[in-house]
Amino acid sequence: MSKIKTIVNSWNEWDPLKHVIVGKADGTCIPAPEPALDAKVPEDSDMRGQFGPRTKDTVDKANQLLDNFSNILIKRGIKVDRPDPINFNQKTSTPDWEADTMFGCMPPRDVLLTVGNEILEATMSYRCRWFEYLCYRPLLKKYYDDDPNMKHESAPKPRLTDADYRKDYLSDKIGIQKRLKWTEDKFFVTTEEEPLFDAADVLRFGKDLVVQHGFTTNLKGIDWLKRHYKDHRVHAVNFPGDPYPIHIDATFTPIKEGLIINNPQRKLPKEQRKLFENNGWEIIDSAQPAHNEPPPLCYSSTWLSMNVLVLDPKTVCVEKSEVYQADQLDRLGMEVIPVDMRDAYAFGGGLHCCTADVYREGELKDYFP
Ligand code: DAV
């Protein structure tokens, strides 16, 4: 009798990593203007108004960094898979909308959510990212074929009509004060027309899934996750203080059982801290980023400093230039592996963004009984 091989298994963000997907920069485009994306592009960004393929030099450099990161992981005994980029520089459409270009496949974390033996494709909320899952289908097909227990799920594709987006966000002169007030009031760019979520708004703590309500994930998306993950407890969180709230992974980062670093400008509200603190978990302020500005043509903030990849409860990959974050994690007793990635940030994020879990050792646990 041949033994069934489990390929997909991951219940949290810190158990020993054995198999991971690392993104690619090939063909990444600056997407054409569309409602949800415009709300996220910083008001003073040079990306406003321009779109199309990124230059070959920057793509080559980003790919070199992603290849190098993959090799670091492989040398540590971790299996690494890579997506199949499609031609992102083409028009896409559905009966409801058209988009001039797509985006890319550098950040698999945004699209794929692994919980136990299941990989779920998120709905996404940008039209330019609607077809991004296609880049991961060859890998998902292989996992599905080779592991009879693997579950491949796809959340309902959203229609993404104009009804999904608040017109208030269509101006490029909103100003930070108003943005902060809006996000504090949970008045985000996405409406409650239909369920929307990005996978990178979800953190996995065994039995509990913690989901950021913000630009890319709405309450209906969180409710959909609740109905989908019947054996889990799903908690909505939000972080006032972030004028562009997309994705939880530069804001709230579990390092190991019992320890979370939280962006000091985007603190988890007192009420929402109870789940962790009542169970003896520590939430500490993360260190400051080493940079005052993100690199050119980058969507993310300088807080990608916190976008670390935990390899096991004693080992963490930190971007090489983020010396303060590295020092803090070192003082917390972690072995820190410096990884050069800053010149790839503009392609979709940092070390956590550019990866997606396939297999971490360990079982489903209840950390907040
Ligand atoms: O702080 O700009 C970036 C998250 C990318 N996945 C930020 C959030």
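Modeller: Let's start with the open sheet, where three strands line up as β16-β17-β18 with mixed pairing. Strands here are DSSP E runs of at least two residues, helices are H or I runs of at least four, and both are numbered from the N terminus; two strands pair if DSSP finds at least two bridges between them. This is a predicted model, where local features need pLDDT of at least 70 and side-chain atom pairs count only at pLDDT 80 or more, while totals for chains, interfaces and linings use all residues. Residues are numbered from 1 along each chain as its sequence is written, and side-chain values use heavy atoms, leaving out hydrogens and water.

At the edges sit β16 (309-312) and β18 (335-339), each pairing on one side only. From one strand to the next, the twist averages 30°. Now zoom in on β17 (residues 315-319): it runs parallel to β18, with five bridges between them.

Next, look for helix α7 (residues 323-331), which lies across β17 and β18 and runs at about 165° to β17. Angles like this go from 0 to 180 degrees between N-to-C directions, using axes fitted to C-alpha atoms, for helices over the stretch in contact; contact means heavy atoms within 4.5 Å.

V316 turns up again in a core of 29 residues, along with W281, I283 and Y367, among others. A nonpolar core is a set of buried Ala, Val, Leu, Ile, Met, Phe, Trp, Tyr and Cys residues joined through side-chain atoms within 4.5 Å. Buried means under 20% relative accessible area, exposed over 50%, and partly exposed in between (1.4 Å probe, protein chains only).
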